[in-house]
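User: I am new to this structure and would like to go through some of its features by question and answer. Please show the sequence and structure before we start.

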Amino acid sequence: MSDRQDQTGGVVKERVKVEKKEPTLYKVILLNDDYTTMEFVLHVLEGIFQKSPAEAYRIMMQVHLNGSGIAGVYPWEVAETKVETLTSQAKQAQYPLRAAIEEA
Ligand code: TYC
């Protein structure tokens, strides 16, 4: 628009925040290691990230074979809480399992 006004065909329309800004989302990236058991990773993906057994297996194998994989995409506070829960459960079970957060 050249004059930065809405083309409303003569009807005056109040301009109420036109831009729809999406909330920023963050990826929780699960990281591989040599010590955490595959079974524990499946338990975490199903329990914390609400994945089906089939999806949990797919993600776990992606991480195991390629070094990292996306466990889920969430708003910041949800991503942070899931990583904290993962870290605490892993520590409790004495596994070095870790996850990172990246902007999606
Ligand atoms: N690499 C681990 C093993 O061979 C399995 C594993 C998968 C660990 C995914 C961490 O995020 C992970 N036991």
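User: How many aromatic pairs does the count come to?

Analyst: The model is a predicted one. Rings pair if their centres lie within 6.5 Å. By this rule, the number of aromatic pairs is three.

User: Is the aromatic pair of phenylalanine 40 and tyrosine 95 stacked, edge-to-face or tilted?

Analyst: The two residues are 55 apart in the chain, with phenylalanine 40 in helix H1 and tyrosine 95 in the loop between H3 and strand S3. Their ring centres are 4.9 Å apart, and 50 degrees lie between the planes. Planes under 30 degrees apart count as stacked and those over 60 as edge-to-face, so this pair falls in the remaining class. The pair is tilted.

User: At roughly what angle do the axes of helix H1 and helix H3 cross?

Analyst: Helix H1 covers residues 38-47 and helix H3 residues 76-92, and their axes come within 11 Å. Phe40, His43 and Val44 of H1 make the contact with Leu86, Gln89 and Ala90 of H3. By class, four of these residues are nonpolar, two are polar and none is charged. H1 passes H3 in a right-handed crossing, and the angle is roughly 145 degrees.

User: Which element gives the most residues to the lining of the largest pocket?

Analyst: The largest pocket holds about 170 Å³ of space and is lined by 13 residues. Strand S1, H1 and helix H2 each give two or more residues to this lining. With three residues, the element that gives the most is H2.

Methods:
Residues are numbered from 1 along each chain as its sequence is written. This is a predicted model: local features need pLDDT of at least 70, side-chain atom pairs count only at pLDDT 80 or more; totals for chains, interfaces and linings use all residues. Side-chain values use heavy atoms; hydrogens and water are left out. Axes are lines fitted to C-alpha atoms, for helices over the stretch in contact, and angles run from 0 to 180 degrees between N-to-C directions. Helices (H or I, at least four residues) and strands (E, at least two) are DSSP runs, numbered from the N terminus. A crossing is left-handed if the near helix is turned anticlockwise from the far one by less than a right angle, and right-handed if clockwise. Contact means heavy atoms within 4.5 Å. Ala, Val, Leu, Ile, Met, Phe, Trp, Tyr, Cys and Pro count as nonpolar, Asp, Glu, Lys and Arg as charged, and the others, Gly among them, as polar. On a 1 Å grid over the protein atoms alone, a cavity is a set of points where a 1.4 Å probe fits but cannot get out, and a pocket is an open set with protein on both sides within 12 Å along at least five of seven lines; lining residues have an atom within 4 Å of a point. Grid points are joined across faces, edges and corners, and a volume is the space filled by probe spheres set on the points. Rings of Phe, Tyr and Trp (its six-membered ring) pair if their centres lie within 6.5 Å; planes under 30 degrees apart count as stacked, over 60 as edge-to-face and the rest as tilted.
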